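The following note sets out some points for a colleague reading this model. It takes up the pocket lining, the nonpolar cores and the salt bridges in turn.

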Amino acid sequence: MTLATDTSSGLPVNWGLARRTAARLVPAGPPVTAAVATELVERLRADAAVAEGHVRAVTGLGEGLPLLPADVVDRPAWAAAAIDGMAELTAGAQLPSTAKAARAVTSTTAALQIGGVLAFVGARVLGQYDPFGGPDREGRLLLVAPNIYAAQQALDVPSEDFGLWVCLHEATHRLQFTAVPWLREHFAAEVSHFLSISTRDGGAMLERLPEAVKALKESRGDSLALVELLQGPEQKAALDRLLALTTLLEGHADHVMDAAGPEVVPSVATIRTRFTARRRGGGLIDRVLRALLGVEAKVKQYAVGSAFTKRVVDEVGMAGFNAVWQSPDTLPTRAELAAPETWLARVP
């Protein structure tokens with residue numbers, strides 16, 4: 001199977017092996033009748049376009065763009081799509097020559113790790129907008145039907161409401177990338193830059209490890225804190241920009257999915273309360289894995305980004321908030337996300 005390093009990528013990953021590993025390890029979805037599965041798939045496809053219409057009404061973005069359906073998939077198909085997206089996204093990152101000598105060994109290890117991670121995540125993720133997916137690499141919105149069904153059953157909320165609520169979040173992500181013309185390339189460039197720095201500075205990261213582990217004891221075991229403690233100054237700056245951007249995107253989507261209101265999703269308040277509790281829950285092993293994979297850090301991103309969005313919208317309205325999309329220079333920094341008034345003072 002072709003390695004990513006045999007094409008344009010500088011990262012040694014046997015993507016074919018990663019895909020096979022994820023497909024083998026991801027658990028089967030919940031048992032449902034053919035009638036239930038068919039109804040859910042058809043409804044989710046329709047809900048994606050309906051949801052984006054509501055998102056446009058809330059955000060004021062996307063006028064004139066076509067309303068598109070989503071691809072409703074099972075768990076293995078989502079994992080395969082995620083791997084394709086990762087291969088595309090990391091294609092611009094380049095390894096130093098010393099690292100390239102180890103490609104044959106690391107490609108297999110990396111593939112097995114990625115496949116295992118995506119098998120775990122693939123049993124939980126509800127949906128995803130991949131700005132680099134699809135036949136033409138122009139973006140693809142995926143809804144994972146078995147996971148949406150399982151979550152809806154676990155939360156004991158109306159199926160019609162929950163499906164549309166999930167679609168509101170993912171449709172917001174799609175609109176962010178389709179209505180903001182520079183965002184896709186900017187995001188890819190930031191990821192490529194961060195990965196290139198990280199692979200180049202691998203030795204220095206190992207040198208910082210003892211000090212980082214010692215400092216981690218004071219940070220209550222925060223997995224993101226460990227990552228940041230291992231970073232050099234250039235890596236830290238690149239990571240800060242990436243985290244700020246993803247926090248904004250996730251928080252904005254969370255705000256919009258709730259701002260659509262009970263007239264769109266009648267049980268939105270109940271869904272939000274129960275879903276937030278579910279994000280924080282899980283058994284001990286599940287919580288440990290989520291921490292190791294950075295899922296806990298992402299949950300915090302939702303809260304910080306949503307609070308920033310709400311504060312700015314309350315202060316200057318959604319039209320004023322949309323100044324974040326003017327250019328990379330108007331994106332909030334990590335510090336500004338935690339203190340929205342500083343962004344409001346900086347961006348007219």
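1. The structure is a predicted model.

2. The second largest pocket has a volume of about 300 Å³. Its lining consists of 17 residues, and those nearest the centre are L68, Y129, E138, G139 and R174. At least two lining residues are supplied by each of α2 (34-59), β3 (140-144) and α7 (159-179).

3. The largest nonpolar core contains 64 residues, among which L143, F162, W165, F321 and W325 touch the most other members. Helix α11 (residues 233-259) provides the largest share of this core, with ten residues. A second, separate core has 18 residues, including A18, A111, L118 and V125. In soluble globular proteins, nonpolar side chains tend to be buried together.

4. When neighbours within four places in sequence are set aside, the residues in contact with F162 are L126, I148, A151, Q152, L155, V157, I271 and F275.

5. A search of the whole structure gives 13 salt bridges. One of them joins R56 to E52, with the closest N and O atoms 2.8 Å apart. Both residues belong to helix α2 and are separated by four residues, about one turn of the helix. R56 is buried, at a relative accessible area of 15%, and E52 is likewise buried, at 2%. Salt bridges with shared partners bring E52, R56 and R174 into one network. R174 is also among the residues nearest the centre of the second largest pocket.

6. A salt bridge between D254 and R272 has an N to O distance of 3.4 Å. This pair links distant parts of the chain, since D254 lies in helix α11 and R272 in helix α12 (residues 268-280), 18 residues apart. D254 is buried, with a relative accessible area of 4%, and R272 also counts as buried, at 16%.

7. Is the pair E341 and R311 buried or partly exposed? E341 is partly exposed, at 41% relative accessible area, and R311 is partly exposed, at 34%. Their side chains meet in a salt bridge of 3.5 Å, N to O. E341 lies in helix α16 (residues 340-346) and R311 in helix α14 (residues 295-321), so the pair ties together parts 30 residues apart in sequence.

How values were computed
Residues are numbered from 1 along each chain as its sequence is written. This is a predicted model: local features need pLDDT of at least 70, side-chain atom pairs count only at pLDDT 80 or more; totals for chains, interfaces and linings use all residues. Side-chain values use heavy atoms; hydrogens and water are left out. A nonpolar core is a set of buried Ala, Val, Leu, Ile, Met, Phe, Trp, Tyr and Cys residues joined through side-chain atoms within 4.5 Å. Buried means under 20% relative accessible area, exposed over 50%, partly exposed in between (1.4 Å probe, protein chains only). Contact means heavy atoms within 4.5 Å. On a 1 Å grid over the protein atoms alone, a cavity is a set of points where a 1.4 Å probe fits but cannot get out, and a pocket is an open set with protein on both sides within 12 Å along at least five of seven lines; lining residues have an atom within 4 Å of a point. Grid points are joined across faces, edges and corners, and a volume is the space filled by probe spheres set on the points. A salt bridge is a side-chain nitrogen of Lys or Arg within 4 Å of a carboxyl oxygen of Asp or Glu.
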